[in-house]
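This note is written for a colleague who is meeting the structure for the first time. Please read the numbered points with the sequence and the model in view.

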Amino acid sequence: MHSISRREFVSIAAVGVLSRQVQTPVTASDLVERIKQRSGVEWRTNTVDTFKAGDPATIVKGIAVCAMPTMDALKRAVSAGANFVITCEPTFYSRGDSASPAAGRGNAAPVADPIFNAKNEFIKSNGLVVWRFSDHWRQRKPDPLSIGLTDALGWSRQRAADDPARVTLSRVSLDTLASDIKKKLGARGGIRVVGDPRLNVQKIGLLPGTTAIQAAIALLPEVDIVVAGEVREWESVEYARDTVTAGGKKGLILLGRVVSEDPGMKVCAEWVKSVAPELRATWIPTTDPYWRPS
Amino acid sequence: MALTAGDIVARIKMNLGSPWRDNSTRDTFKFGSASTEVKGVATAMFCNFDVVQRAVEAGLNMIIPHEDTYWNDRDDVTIVSSDPAYKAKVEFMTKHNIVVFRIHDHMHSQRPDFTYVGAARALGLDSKYETAPQSHRFVVPETTLEALAADFQKRLGARAIRVVGDPKARVRRIQLGVGYATPAVNNAEVDVVVSGELQEADGNFDSPEYVLDAVSLGIPKGWIMLGHAISEEQGMLEMAQWIKSFTPEIPVQLVRVGEPFWVPR
């Protein structure tokens, strides 16, 4: 049983006897404080998990949780009655997440940008507050991104009890498995595979998000294939290719970063409900950004 | 008199047209040494295990790759040295007297940069469309993003090209990038960026998300990722021809790594 704060107790106790309007108003910064306290991980000072847009003192009417806050996702958040958006990825396209364009390559002066302008305007006119939750969310144990991904793939009973990033399936060919994954995740052009399509696969290791060569080197020898979000092609892709050339019965499936994180943000939406039970929290799914020419 | 790897590197330095920078950690010997006798040269995009095997089959024992040998940019072997594929690769290279010398930084600072020359050639981006020599910006007859991407895919024989943007967007101004050097898509003078790969989020400038927002606003923008290997491999043909021009006594040829990926149905 988890402990609840006095404020939470008051909020929970109020449900059923009082209408939502007379509850203690909760601001976006109140919610972030609750998330920090309940996150289960030590909060870092150097982190991307900060407010990106809007006024943190805004009273929250509803919460939207997404992997990538595109204009389309923000519109759907507004339609769902949310004004507080929790996102895994940046709002303004770069790691710096500045609400105006960064200086260009070679420090070229930034110019007025219609896309930045429209996004800022949409956020302002709808009174949205956007907060990023990435560094700390993916640090939670057990890994919520792997839980989300295995849930979405229908592997919740096939994943290891002590590590959701390890899955054991009945034997299946890499070709069949890749098609099945593509279908279940609704992926389009972002999914790419290295290895013999006829390879028999049973043991799978997951690397959601973006990972470096060290992660692939540690995992691939232990499993038949790695299913990753995004890797550097000169690192883990060539590593997988060389492993196959060396006779290793191995493979690599790349899903794309956002596609691999998307189900983990559904898990996040569920978790946020437990942190803010008096508010509605809605998962806003993201689609594969990539397509392939026919 | 036997030609050594050191002789060939000396000729590369002499013919480069600009001073060699000894502080490059990339452009160094990665396997074998300057004293290794060379029977023939293979240029390659990656010095992967398959390339090494096919070079040996073709009687070539010096590999000049553009990218890494040991699956990390610094070619730091401590990261990989306990891996079975590393051990098998090194054993094979030792057995066949392979010497590897990488050319990356100096290839990109050379003029012209063959990676761009090769990519433009392979994509059919004719110099008559380039706004200025080496601007890498091509203004082509207006087309759709879908038709442009399909044309690139056909020319490259590629399987796993990835595109972001409205397929029906009408585009004509293309900024060509190579490898990981993806041009900024939030440039008002550019409709489409073409490159090898770039991280999907958390980059320094922009990302596919910018293009998705452009789609929502009806602004024509496109993001075409060819894959790192096929984006920069093309220019290794020009690199082979250039090395051959001052190394006439031995065979020099491109050994293609090809596209690493296939795509599921």
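1. Basis of the model. This is a predicted model, in which local features need pLDDT of at least 70 and side-chain atom pairs count only at pLDDT 80 or more, while totals for chains, interfaces and linings use all residues. Residues are numbered from 1 along each chain as its sequence is written, and chains are lettered from A and ligands numbered from 1 in the order in which they are written.

2. Overall form of chain B. Chain B holds nine helices and ten strands; helices (H or I, at least four residues) and strands (E, at least two) are DSSP runs, numbered from the N terminus. Its radius of gyration is 20 Å, close to the 18 Å that the globule rule gives for 265 residues, so chain B is as compact as a globular protein of that length. The radius is taken over C-alpha atoms, and the rule is 2.2 Å times the number of residues to the power 0.38. Along the principal axes, the C-alpha atoms of chain B fill a box of roughly 65 × 40 × 35 Å.

3. Of the 265 residues of chain B, 51% count as buried. A residue is buried if 20 or more other C-beta atoms lie within 10 Å of its own, exposed if 12 or fewer, and partly exposed in between, with C-beta atoms placed from the backbone. Among the contacts in chain B with a separation of 6 or more, 69% come from residues 24 or more positions apart; two residues are in contact if their C-beta atoms, placed from the backbone, lie within 7 Å.

4. A sheet in chain B. Which strand order does the five-stranded open sheet of chain B show? The order is 5-7-8-9-6, with mixed pairing; two strands pair if DSSP finds at least two bridges between them. Strand 5 (137-144) and strand 6 (162-164) of chain B are the edge strands, each pairing on one side only. Neighbouring strands of this sheet are turned by 20° against each other on average, direction ignored. Axes are lines fitted to C-alpha atoms, for helices over the stretch in contact, and angles run from 0 to 180 degrees between N-to-C directions.

5. Pairing within that sheet. Strands of a sheet pair through backbone hydrogen bonds, either parallel or antiparallel. Strand 5 and strand 7 of chain B pair in the antiparallel sense over five bridges, and B:Val139 has B:Arg173 in strand 7 as its bridge partner. Strand 7 (residues 170-176) and strand 8 of chain B are parallel, over three bridges. There B:Ile174 is bridged to B:Val192 of strand 8, and B:Leu176 stands opposite B:Val194. Helix 6 (residues 145-156) of chain B lies across strands 5, 6, 7, 8 and 9 and runs at about 115° to strand 5.

6. Backbone exceptions. Most residues other than glycine have a negative phi, and most peptide bonds are trans. A cis bond joins A:Lys141 and A:Pro142, with omega about -10°; A:Pro142 is in the loop between strand 4 (129-132) and helix 5 (144-152) of chain A. The bond from B:Arg111 to B:Pro112 is also cis, with omega near -5°. B:Trp71 has a positive phi, near 65°, and is buried, with 30 other C-beta atoms within 10 Å. B:Asp202 has a phi near 70° but counts as partly exposed, with 18 C-beta neighbours inside 10 Å.

7. Between the chains, 57 residues of chain A are in contact with 57 residues of chain B. On the side of chain A that touches chain B, helix 8 of chain A gives the most, with ten residues.
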